[in-house]
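Q: Please take a close look at one part of this model: the aromatic rings and how they pair.

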Amino acid sequence: RGLPTDINTLNMLQVIFSLSFCALVFAANYDPNKCLEGANHKNFSGPEGDDYKACFDYRDRSCCTAEFTEKLAKATVTSIDNFHWDRCGPLSSACEDFMIHVECFYRCSPNVNHWANPFFPSAMKFVPVCGSFCDQWYGACKNDLSCATDWITDWNTTSDGQNYCLASAECMTFGSRYKNGQEICEKMWGSSFRFVNDSVSNERCLMLNGTDLVKHNDAVVQRLFAPPTTMSTTMSATMSATPTGRAEKSGGLGFVIFLCFVSFWFG
């Protein structure tokens, strides 16, 4: 028989090939202990001791140091390093708690590395966050005030990292800046997060708070990135062949993974 000519069959074959290719790329990139690049993270996750003051969910396999957690262990957190949360006044304790959840996830979770921004490797991009967390975050912060919608770009930032309200900005409630949980997740930290409706299932999204969140998130990452059982021997040999004993990735590989994600989530 000749090659299939039916357009639906050809499209299906293309999808199968693309998903198979992406699965191989993801498997090659899977490393449960690799941290995001940059000065804000360790190279690889590891346990921290009793001087770990916050972000306790991540202590046994942390990408952040105990020294960093001291910044989140204050009675009221108004800033991280030189970046201020309180330019329109202190946040409510409920809103502050959710800001800390986000900060702990970004700084301390090794899962974040699988969504490294291909153009800014020390940042994350399109992390699939469960919508229930986004809705809780919105509910906790909707009455708090901010002069920025995108907390990455909507500031006058000084050379030492101090952030100030733009001259044209005004303090408005979070509820005025974002319509709902989806908007706060997908707008507040640029393209860092993607809202995933988890009303039926949370098997394809990460939680940033709650009981057993690390166990849940590890399972999601393993489901998306870990090599199939039939490939485990080959992948183990490939990973052990690198100088660090872990699979290495190039910038090109990161970009391919980014394209795979765009196709997977939006295709």
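A: W151 is buried, and W189 is buried too; buried means under 20% relative accessible area, exposed over 50%, and partly exposed in between (1.4 Å probe, protein chains only). This is a predicted model, where local features need pLDDT of at least 70, side-chain atom pairs count only at pLDDT 80 or more, and totals for chains, interfaces and linings use all residues. Residues are numbered from 1 along each chain as its sequence is written, and side-chain values use heavy atoms, with hydrogens and water left out.

Rings of Phe, Tyr and Trp (its six-membered ring) pair if their centres lie within 6.5 Å; planes under 30 degrees apart are stacked, over 60 edge-to-face, the rest tilted. The count by this rule is 11 aromatic pairs. One of them is F83 with W189: the centres are 6.0 Å apart and the planes at 45°, so this pair is tilted. F83 is in strand β2 (residues 83–84), and W189 is in the loop between α6 (181–187) and β8 (193–196), 106 residues apart. Helices (H or I, at least four residues) and strands (E, at least two) are DSSP runs, numbered from the N terminus. F83 and W189 are both buried.

W189 also pairs with W151. Their centres are 5.8 Å apart and their planes at 70°, so the pair is edge-to-face. W151 lies in the loop between β4 (145–146) and β5 (156–157), and W189 in the loop between α6 and β8, so the pair ties together parts 38 residues apart in sequence.

F83, W151 and W189 belong to one aromatic cluster with W155, F174 and Y178.
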